[in-house]
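Student: Could we go through this structure together? I would like to begin with how its chains meet.

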Amino acid sequence: MVQSAIGIYRRLLRLYPETFQREFSGEMQATFTRAIAERQSRGKQAGFLLRECVDLPGVLLQLYWKHWLAWFERGSMNPMNEYSSPSSRRMALMGALPFLAYGMASMLGKLTFDRLHPAIYIWMGLYGFILIGLLIGWVKGFPCWVYAYLSWALVLAWYWSNFSMQGLKIMGYTFPFYVPWGWLALDGMILIALAWTRSLRPVKQFFVGIWNDWTRLSFILFVFPAWLACMYDENHSPYLLLFMLGSTLAFTIGAYIFARLANSLLRILCLLTGTLVALGINWICDSTWDFATYYHLPPSNEPWYMAIFRWSIALAFIALFLLGPALLPLIRKSIGRLKA
Amino acid sequence: MTPTRSLPLTEPTFLILLSLSPGPKHGYAIMKAVENLSEGQVLLSTGTLYGALKRLLDEDLIQRMADPLPNPTIRERKAYILTEHGRRVLNAEAARMRKLVALVPLRVGESNL
């Protein structure tokens, strides 16, 4: 029994933070072995083992709390990570601009709702801006701000993959119906970028950037809640533009502060706060405008707590979504261990 | 750093520092000393003990040294010793507790309990 307990204890030591393990696991094992042998000679090993089990969660909680706090203060999960240094104000603004541009385009789209062609020009203008930004960033070797442009380009290309040009005529050319112009334009931009740089190095730099700084992947994913929360589809609230402006600013400021921070955890908290504020604005908009009456639908019987539940689930999902890339350093660490 | 900034100490921390007061001890010896000092009232698990030792090392109340006692195992054993700052903190805590205890007869006398 004692041998089994020692074996289990040795495995349980792996639950401690890595730095703590390095410092104390040998000593702890020796102390445990002596203590259990001594208790066994007095027939009191059960109480000793019980105490070890009962104390373990609290001790782990305390140690991990300190461990995470140290990480929080240090600024990054990976102290050798030169990629997560804060961006300059100009670069941070570059990263935040697509969020502002999308919000503005959505607002202008609402203003020109009844007229199709102006709306198409607005969206084409936005998409052109995103693609030019992406092209510049690609040529510059994928600095942090460009990740937002790539994500926006993908979202918009996908969103308009079936978007008809409705026979729009520009400079004598009539656009054919149902051409996936979003994807075509993106492909064209990539070809220009490849021809310009004559190298696949920027593509490699894109992946290296994510590998070394997982928050860049979170930044890419941050575009999805921004796209959804600034859309206000089928919404005709009298204060719609005000709500849209609020959501747009929440995401824009979130993206700006994200780039200005060095701490990985703070960066994610910043993205989450931006999302939370924007969702809050969405919720206020939904609560103050009667969707059912406007569309002559039967009134909703959903109790208030169900709405809160629904919004909480959405936020929890987004939090997991944005924190998911934090698994990357763990994978990298495991690969490092295997190589060692 | 003034010793009073670390006060008050928790009971296990106080007992660990007290057990190290006579001289250096390794982990198991500290565990036994705490049990004896508290007459079996405070029983430390290894996790609690080493968690506390880590904190005391970080706060510079103790330091690590090679165990001066003969070691029957081949494993190198580390011992812990009070630092000057740790001794001052221990004395300050003892003084604080003495003051508190000194209040008890007065209060007991007043209320005639």
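**The interface of chain A and chain B**

Tutor: A:Glu27 and B:Arg64 form a salt bridge, with their closest N and O atoms 3.7 Å apart; a salt bridge is a side-chain nitrogen of Lys or Arg within 4 Å of a carboxyl oxygen of Asp or Glu. This is a predicted model, in which local features need pLDDT of at least 70, side-chain atom pairs count only at pLDDT 80 or more, and totals for chains, interfaces and linings use all residues. Residues are numbered from 1 along each chain as its sequence is written, chains are lettered from A in the order in which they are written, and side-chain values use heavy atoms, leaving out hydrogens and water.

Student: How many salt bridges are there between chain A and chain B?

Tutor: The count is six salt bridges between chain A and chain B.

Student: Which helices of chain A supply the side that touches chain B?

Tutor: Helix H2 (18-41) and helix H3 (45-74) of chain A each supply at least two residues. H2(A) gives the most, with 13 residues. Helices here are DSSP runs (H or I, at least four residues), numbered from the N terminus.

Student: Changing topic, how do H8(A) and H9(A) cross?

Tutor: The axes of helix H8 (residues 201-212) and helix H9 (residues 215-229) of chain A come within 6 Å and cross at roughly 105 degrees. H8(A) and H9(A) are therefore roughly perpendicular to each other, a term for angles of 65 to 115 degrees.

Student: Which residues meet there?

Tutor: A:Phe206, A:Gly209 and A:Ile210 in H8(A) meet A:Arg216, A:Leu217 and A:Ile220 in H9(A).

Note on methods:
Axes are lines fitted to C-alpha atoms, for helices over the stretch in contact, and angles run from 0 to 180 degrees between N-to-C directions. Angles under 35 degrees count as roughly parallel, over 145 as roughly antiparallel, 65 to 115 as roughly perpendicular and the rest as oblique. Contact means heavy atoms within 4.5 Å.
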